[in-house]
Amino acid sequence: MGICRDAKTGPRREAMTGGTRAAIFVYAMEGLENMAYVANAVSLVTYFYGYMNFSLTKSATTLTNFMGTSLLLTLLGGFICDTYLSRFKTCVLFGCIELVGYALLTVQAHFSQLRPFPCKNVARDKMDQCEAADSGQVAILFTGLYLVALGTSGVKAALPALGADQFDEKDPKEAPLISTFFNWFLFSLTVGAIFGVTFVVWISSNQGWDLAFGVSTLAVLFSIIFLCMGKSVYRHNAPKGSPILRIVQVFVAAIRNRGLPVPEKSEELHEIHDKEVGMENEILARTDQFRFLDRAAIVSTASGTSPSITPRPWRMCTVTQVEETKILIRMLPIILSTFFMNTCLAQLQTFSIQQSTTMDRNLLGFQVPGPSIPLIPLLFMFILIPIYERIFVPLARKVTGIPTGIRHLQRIGIGLVLSTISMAVAGVVETRRKSVAIQHNMVDSPDPLPISVFWLGFQYAIFGAADMFTLVGLLEFFYAESSLGMKSLSTAIAWCSVAFGYFTSTIVVEVVNRVSGGWLASNNLNRDKLNYFYWLLAGLSVVNFGVYLVCASWYRYKKVEVKQLGSSAGDDEGKA
């Protein structure tokens with residue numbers, strides 16, 4: 001009865017559900033959904049400029065706002081997922097919203113009455129004479145665009161956690177497979193992106209935007225169908241209420257109990273061990289950081305209430321609830337220290353495409369289009385991810401004894417180091433490109449320089465490896481370290497690092513231009529000092545890495561006590 005209905009996963013079905021066969025459906029949805037998203041992310045500027053008659057500035061701003069919003073809204077998707085819906089239902093719901101958005105864009109692109117007469121072949125100095133899109137046409141565009149943004153945000157927040165849920169982190173055999181899942185999740189994301197920047201971009205450039213949006217619509221539709229096909233083999237999570245509300249309760253209770261002394265023994269703090277018989281519960285062990293928050297769990301009978309009676313949540317919280325709040329606070333410096341890497345990523349993508357327009361883009365007689373330049377790092381990631389999973393992890397596991405090869409924070413740190421190297425290499429490549437322009441007296445020439453665009457492959461390859469380490473490291477770190485009631489919201493926070501990186505990239509360029517006297521102020525890259533800018537980013541990345549090392553060394557991994565609720569008090573408790 002209904003392909004997308006949530007299936008029940010009881011203890012008897014636990015052994016029959018989950019695992020790699022369940023994760024395959026997650027990979028399928030991610031690949032198809034990301035194919036549509038990335039294809040439009042790299043080429044929508046062309047649609048805004050040539051078909052909706054937006055100015056170049058408005059086109060670029062519209063795309064930046066769309067991408068930033070789609071990543072920031074993952075917080076909303078994560079909140080809904082943890083509070084009200086299961087991860088499976090969240091993916092289906094937001095996937096359907098994204099589907100409606102693409103369908104609306106397809107209809108507008110197909111019917112000329114819903115958009116202004118295109119000015120794609122009009123001279124640039126006469127663009128102001130073109131008919132502007134009216135308010136109704138703009139409303140249709142932005143409605144479809146932000147339905148896509150809302151839909152993809154919910155999918156990005158819930159889908160990684162849904163896939164990781166298929167592996168039991170308390171099972172010694174399944175726990176290492178969580179890291180494997182995130183590696184292949186990135187691989188499926190990469191494969192989808194490769195098809196997006198080649199196949200879908202080619203359709204939009206040669207066959208029309210209505211067909212390109214139509215392909216995106218079908219891709220999202222089939223992604224939802226594939227996800228629903230696996231409903232009977234999923235392990236489904238149960239929403240545990242608002243994590244934000246629980247965090248606020250901890251701060252309020254701690255403030256209310258600020259005059260009480262903090263007990264030295266953890267046993268003297270409030271904790272619940274047997275609420276519902278037969279359900280598994282995660283109990284977080286007390287840590288020594290942020291001890292002022294421990295006041296929220298102080299057992300007090302000053303008000304005349306017996307401690308055996310369920311306390312008011314705004315007066316007394318559990319130790320697990322307090323530790324859940326501490327985990328989030330400890331995570332914030334980690335995520336803040338990764339913003340700058342994503343700022344560098346945004347600069348690399350923007351300026352590398354501009355650099356490619358001044359270089360020889362010939363490949364065996366074929367002219368490589370500008371929007372397809374991001375294919376270079378995607379191809380490197382396509383090659384590196386299997387090498388990392390099949391070769392690096394087993395070798396590292398033998399040396400370190402860690403099931404995942406290296407710890408999450410170490411993986412993120414390697415990515416930050418590689419991003420620093422990438423910026424330095426980008427400065428060297430740009431210096432080489434400018435020297436070719438000077439040697440051939442082509443500083444002010446609009447013709448392509450006699451230097452291959454594949455020189456950019458060096459910086460792209462290194463940054464692709466950096467992205468492989470850092471993005472997956474962040475997703476896995478936030479999933480593993482968050483409490484059971486915050487898995488999706490924490491995963492969404494990892495995506496926000498990318499969003500803030502894009503938002504701050506414009507600010508960085510403006511500040512550098514003002515302080516430097518105009519390193520990037522000219523419209524001629526051959527006269528700009530882009531190489532200095534890259535080296536400045538490399539230097540700042542070194543500083544940022546130092547900050548990250550301090551934050552990572554200060555971080556305390558969570559300690560979990562898992563107990564079968566309803567069991568006797570003398571049962572052994574496992575610690576992870």
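## A buried aspartate

Asp294 is buried, with a relative accessible area of 2% (buried means under 20% relative accessible area, exposed over 50%, partly exposed in between, with a 1.4 Å probe and protein chains only). This is a predicted model: local features need pLDDT of at least 70, side-chain atom pairs count only at pLDDT 80 or more, and totals for chains, interfaces and linings use all residues. Residues are numbered from 1 along each chain as its sequence is written, and side-chain values use heavy atoms, leaving out hydrogens and water.

Asp294 sits in the loop between strand 1 (280-284) and helix 9 (319-336). Helices (H or I, at least four residues) and strands (E, at least two) are DSSP runs, numbered from the N terminus. The Asp294 side chain makes a polar contact with the side chain of Arg286 (3.1 Å). Such a contact is a pair of N or O atoms within 3.5 Å; within protein, one must be able to donate a hydrogen and the other to accept it, and residues adjacent in sequence count only if both atoms are side-chain atoms.

## Nonpolar cores

The largest nonpolar core has 144 residues. A core is a set of buried Ala, Val, Leu, Ile, Met, Phe, Trp, Tyr and Cys residues joined through side-chain atoms within 4.5 Å. Leu44, Tyr47, Phe66, Leu159, Phe181, Leu227 and Phe533 touch the most other members. Helix 1 (residues 20-50) gives the most to this core, with 15 residues. A second, separate core of 12 residues includes Val250, Ala253, Leu269 and Ile298.

## Aromatic pairs

Rings of Phe, Tyr and Trp (its six-membered ring) pair if their centres lie within 6.5 Å; planes under 30 degrees apart count as stacked, over 60 as edge-to-face and the rest as tilted. By this rule there are 30 aromatic pairs. Tyr47 and Trp209 form a tilted one, at 5.1 Å centre to centre with 50° between the planes. Tyr47 lies in helix 1 and Trp209 in helix 7 (residues 209-229), so the pair ties together parts that are 162 residues apart in sequence. Both Tyr47 and Trp209 are buried.

Phe477 and Phe478 pair edge-to-face, at 5.3 Å centre to centre and 80° between the planes. Phe477 and Phe478 are both buried.

## Charges over rings

The charged end of Lys156 sits over the ring of Trp495, 5.0 Å from its centre. For Arg407 the ring is that of Tyr557, with 5.5 Å to its centre. The rule asks for NZ of Lys or CZ of Arg within 6 Å of the ring centre and within 35 degrees of the ring normal.
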